[in-house]
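Please read this report with the sequence and the 3D structure side by side, and look up each residue as it is named.

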Amino acid sequence: MIVIAAPAALVTDIPVDPDAHQARQWMLDELSKPPYEAARPTWFDQLSQAFGEWLGSLRVPDGSGFGGLVPLAIVIAVVVLLVVAFLVFGRPRLNRRSQVKTGALFGADDTRSAVELRASAARAADQGDFSTAIQEAFRALARQLAERTIVTTSPGTTAHDFALRAGASFPSHSDELGACARLFDGVRYLDERGSREGFDRVTSLDRRMQADRPTALERIESVVVR
């Protein structure tokens with residue numbers, strides 16, 4: 001009688017009846033392979049699916065009761081609250097700017113922006129007219145603070161008054177604001193001759209204040225439109 005023995009490798013390498021623990025491990029090893037990992041839904045996929053199912057669950061009531069109105073009412077309420085929050089809190093600076101008038105500026109009806117006033121000051125300085133350059137540079141400084149809704153100006157605002165109020169918002173620049181206001185008054189009303197040094201002093205202060213944050217904002221009274 002001839003007995004043929006099975007190869008040892010076949011007996012030891014292929015378990016015929018794995019236990020529960022080993023079968024579970026085989027399944028986990030298989031699912032951890034790249035093709036299965038790539039097919040697994042991400043958290044965003046799951047969130048999108050859940051949100052889509054929630055939207056799909058909303059139904060317009062058929063008139064038999066008011067229960068179907070509850071989800072729709074919640075959605076409408078959330079949208080309304082978001083819109084109100086954006087209008088009230090989302091753009092506070094815009095609300096302030098809508099109340100700021102930027103026409104009159106130190107006795108002159110001037111609607112130019114701070115950028116335009118700086119350009120005018122630079123042109124006057126290039127032409128050697130430092131008296132005009134100092135006036136335009138100080139107006140640019142004042143207009144910039146008005147545009148930032150920090151200090152407002154009105155037809156009766158003087159350079160000295162502006163300097164005092166701007167100094168309250170920028171205490172570290174209060175002395176220099178007063179000095180530049182005196183330069184403005186000198187060339188504007190006292191026929192003093194402007195200089196390059198005076199022009200540079202005003203423009204230097206303007207640049208520093210553009211980069212600084214105020215410690216306080218002026219209160220702007222609300223205007224009621226009738």
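Threonine 149 lies in the loop between H8 and helix H9 (159-169), in a model that is predicted. Although threonine 149 is not a glycine, its phi is positive, at about 55°. Is threonine 149 buried or exposed? With a relative accessible area of 1%, threonine 149 is buried, because a residue counts as buried when its relative accessible area is under 20%.

Glutamine 144, by contrast, belongs to a helix, namely H8, which is formed by residues 130-147. Glutamine 144 has a relative accessible area of 15% and is therefore buried.

The next topic is how helices pack. Two packed helices are described by the angle between their axes and by the distance between the axes.

| Helix pair | Angle between axes | Distance between axes |
|---|---|---|
| H8 and H10 | about 135° | 9 Å |
| H10 and H11 | about 140° | 10 Å |

For the pair H8 and H10, the axes are 9 Å apart and the angle is about 135°, which means that H8 is oblique to H10. The crossing of H8 and H10 is left-handed. On the side of H8, the residues in this contact are Ser131, Ile134, Gln135, Phe138, Arg139 and Leu141, and in H10 they meet Leu177, Cys180, Ala181, Leu183, Phe184, Val187 and Arg188. Sorted by class, the contact of H8 with H10 has 9 nonpolar, 2 polar and 2 charged residues.

For the pair H10 (residues 174-189) and H11 (residues 196-211), the angle is about 140° and the axes are 10 Å apart, and therefore H10 is oblique to H11. The crossing of H10 and H11 is left-handed. H10 contributes Glu176, Leu177, Ala179, Cys180 and Leu183 to the contact, while H11 contributes Gly198, Arg201, Val202, Leu205, Arg208 and Met209. The residues of the contact of H10 with H11 divide into 7 nonpolar, 1 polar and 3 charged. Leu177 of H10 is listed in the contact with H8, and Leu177 is also listed in the contact with H11.

Finally, the chain can be viewed as a whole. How many helices and strands are there in the chain? There are 11 helices and 2 strands, and from the N terminus on the elements run α-α-α-α-α-α-β-β-α-α-α-α-α. The chain has 226 residues, of which 27% are buried, and buried threonine 149 and glutamine 144 are examples of such residues. The chain exposes about 15800 Å², and 61% of this area is supplied by carbon and sulfur atoms. Among the contacts in the chain between residues at least 6 apart in sequence, 67% join residues that are at least 24 apart.

Conventions: Residues are numbered from 1 along each chain as its sequence is written. This is a predicted model: local features need pLDDT of at least 70, side-chain atom pairs count only at pLDDT 80 or more; totals for chains, interfaces and linings use all residues. Side-chain values use heavy atoms; hydrogens and water are left out. Helices (H or I, at least four residues) and strands (E, at least two) are DSSP runs, numbered from the N terminus. Buried means under 20% relative accessible area, exposed over 50%, partly exposed in between (1.4 Å probe, protein chains only). Axes are lines fitted to C-alpha atoms, for helices over the stretch in contact, and angles run from 0 to 180 degrees between N-to-C directions. Angles under 35 degrees count as roughly parallel, over 145 as roughly antiparallel, 65 to 115 as roughly perpendicular and the rest as oblique. A crossing is left-handed if the near helix is turned anticlockwise from the far one by less than a right angle, and right-handed if clockwise. Contact means heavy atoms within 4.5 Å. Ala, Val, Leu, Ile, Met, Phe, Trp, Tyr, Cys and Pro count as nonpolar, Asp, Glu, Lys and Arg as charged, and the others, Gly among them, as polar. Accessible areas come from the Shrake-Rupley method with a 1.4 Å probe; for residues, only the protein chains shown count as cover.
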